[in-house]
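Me: I've got a model open and want to talk through how its side chains pack. Can you walk me through it?

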Amino acid sequence: MPVLIPTGHNMIRSLLALAAVLSLAGCAHTQLDASEPPESDHPAVQPLMQTEDPEAALMFSVLVAEIAVRSGEHAAAARYYGAAALLSDDPSIAERATRIALFARDQEQAQRSADRWLRLAPESTDASQISTVLRINAGDAEQAAEQLDSLMNRVVVQGGDPHSTLGAVIGQAQDQAVALETMRLLAERRSDDAGVHRVQAEAALRFGEPGEEVVAITGRATERFPESVPLRLLHARAQSEAGRQDAAIETLRATVEAHPESREARLGYARVLTEMEDDTFAREEMDRLVEMAPEDTQLLLALALMNLEAEQLGPARDYLERLDALGERENDVAYYLGRLHEMADEPDDALAAYARVEAGDHAEDARLRSARLTLRRDGAEAARELFDPMQQGVDDDLARRAYLAEANALREMEAYAEARSRLNRGLVQFPGDTRLLYLRGLVHEREDDIAAAEADFRAILESDPENVAALNALGYTLADRTERFEEAYELILRAYEQEPNDAAIIDSYGWVLYRLGRLEEAETQLRRAYSLSDDGEIASNLAVVLWERGERDEAREILEAALEREPDHERLQRVRDDLTE
């Protein structure tokens, strides 16, 4: 029987079906990056067929492109699919060409294919979004603004939110300066659209350097749309980031007074107040907000949580007690009262509050916190009757969390043998659980069983070679407790490359540099870690390095300040004694 070669759209459907049979993956999302390459079994890439028959050329182009995809030759696949897109009137071919070019990071080919896709499917918001982002990245702000204008009209016709679509497109732009210029041009086109000006202001805050230019952009938008609460809040944020705190406060105050019914305005104002150092002024202003809406339970809860986060326990207590008296949000209020009593070192009151949490999102955490408080207050045996039902229940996630909570509390109490015993039991129930292994490794280190600690951390790395916590913990253990400094350095560096702004990892990095004798570099890293966190471990390591470098007065000051914050910190005490004896 002769082989029938399909033509036209039937041919395209047949080709795409063939691609599916061959497991040649497509990309269905609208993001510009493809996180996983299509499947590859490395067949050879063949040269493009030479023919005057456009349908035969199209069929061959698609097949060769798909073979290139499977071979991992994504640049070649992008070129072949780009040629196929020009030969075909089927937008699915142009879409595939675009996405493969994006994966191959061939921006020019991606732009050509995206333009073809948009021409063939002018109603496609995906095609328009991708084409527009590529225009921005290519520096063509004027064309990008024109396309965004059309895209927004199309989204409205389709019943979508044009401003969220606009924000999503701008958020994907790589060239931030061109993105800002695009938004300026679009705002000129849509001068009466408050939502466009809001997205422009958000882009200015996201992409621009904090300063008067961003304040000017948000200020102009606020003047243009004085009734827009979101624009007023953005203007206040710009003022705050530019160092104009008083102006930001005044903008927020005026916004609340002009829009007393707006919870958004009140909460925006409250967030800024909780960050202020003038606690008296902040409390007065918050109370004014409550007077304007005395039964707004969401406002009261938000104020309570903002103050809890800022460790302003007095105001937090007052707002939670007001909520409690109203009888609203009972489970939430009881939970956060428990948290407040914990922070205030009032364990009896905390336990009583947690006992009131009967349901809701915080019920499990309330049970865990009650068990942990009981352990600290009454001992392991008293807490066992609370931990055991959770650890042996049907909810595996809660069981793991219960083992971790119990063992971590025991570790903090320096009851290392009991902590290890509970973790061993947990690992029988959940073999290979990385969180349990990690915590057991920390316990082994405290027990001076470095070989066992290393075994646990390496067990994690066997299943997850780039696990940041395990890399850091093993690296720090080897740097601090052994002479294997080079090996420790390699481990910590792998963690640092993934999380370069994490204070604990920077501390490890600085400490291994110290152990390698690179004192100047060590000081730089440890100072940076200390600027991010005043944790006692970091303080002790920085003090050691400063002492070695002759900065002994500063080392003493850092130790004294850290011990004032954490008087029972074992490492701080040991370092102080070692340095000053």
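Predicted model: local features only at pLDDT ≥ 70, side-chain atom pairs only at ≥ 80, totals over all residues.

Me: OK. So where does Y438 fall, buried, exposed or partly exposed?

Reply: Y438 counts as partly exposed, because its relative accessibility is 27%.

Me: And how many aromatic pairs does the structure hold?

Reply: There are six aromatic pairs. One of them joins Y438 and F457, with 5.9 Å from centre to centre and 50° between the planes, and it is tilted. That pair links distant parts of the chain: Y438 belongs to helix α24 (residues 434-446), F457 to helix α25 (residues 450-463), and they are 19 residues apart.

Me: Is F457 buried or exposed?

Reply: F457 is buried, because its relative accessible area is 0%.

Me: What about Y496 and Y509, how are those rings placed?

Reply: Their ring centres are 4.5 Å apart and the planes are at 35°, so this pair is tilted. Here too distant parts of the chain are linked, with Y496 in helix α27 (residues 485-498) and Y509 in helix α28 (residues 503-515), 13 residues apart. Y496 counts as buried because its relative accessibility is 17%, and Y509 counts as buried at 10%.

Me: Which residues do ring pairs link into a cluster?

Reply: Y335, Y336 and Y354.

Me: Back to α25. Does its length agree or disagree with what 14 residues should span?

Reply: It agrees: at 1.5 Å a residue, the 14 residues of α25 should span 20 Å, and the end C-alpha atoms are 21 Å apart.

Me: Which residues in α25 are buried, and what covers them?

Reply: The buried ones are I450, A452, A453, E454, D456, F457, I460 and L461. Their cover includes α24, α26 (468-481) and α27.

Me: New topic: which residues have the most contacts inside the largest nonpolar core?

Reply: Those are L375, F387, M390, L436, Y509 and V512, in a core of 72 residues. Helix α22 (residues 396-412) gives the largest share of this core, nine residues.

Me: What does L436 touch, leaving out residues up to four places away in sequence?

Reply: On that count L436 touches R400, Y403, L404, L423, G426, L427 and F430.

Me: Now R571. Where is it, and is it buried or exposed?

Reply: R571 lies in helix α32 (residues 570-580). It counts as buried, because its relative accessibility is 8%.

Me: What surrounds R571?

Reply: Not counting residues up to four places away in sequence, R571 touches Y476, D480, W511, E537, S540 and N541. With Y476, the R571 side chain makes a polar contact to the side chain at 3.3 Å. As for W511, the charged end of R571 sits over its ring, 5.3 Å from the centre.

Me: Which other arginine sits over a ring?

Reply: R206, whose charged end is over the ring of F207, 5.5 Å from its centre.

Me: Last one: what's around Y81?

Reply: Y81 lies in helix α3 (residues 74-87) and counts as buried, because its relative accessibility is 0%. Leaving out residues up to four places away in sequence, Y81 touches V62, A65, E66, I93, R96, A97 and I100. Y81 and A65 are 16 residues apart in sequence and 5.7 Å apart in space, C-alpha to C-alpha.

Conventions: Residues numbered from 1 in each chain as written. Heavy atoms only, no water. Helix = DSSP H or I, 4+ residues; strand = E, 2+ residues; numbered from the N terminus. Buried < 20%, exposed > 50% of the residue type's maximum accessible area, 1.4 Å probe, protein only. Contact = heavy atoms within 4.5 Å. Phe/Tyr/Trp six-rings, centres within 6.5 Å; stacked < 30°, edge-to-face > 60°. Lys NZ or Arg CZ within 6 Å of the ring centre and 35° of its normal. Expected span 1.5 Å × (residues − 1). Core = buried A, V, L, I, M, F, W, Y, C linked by side-chain atoms within 4.5 Å. Polar contact = N/O pair within 3.5 Å; in protein donor to acceptor, adjacent residues only side chain to side chain.
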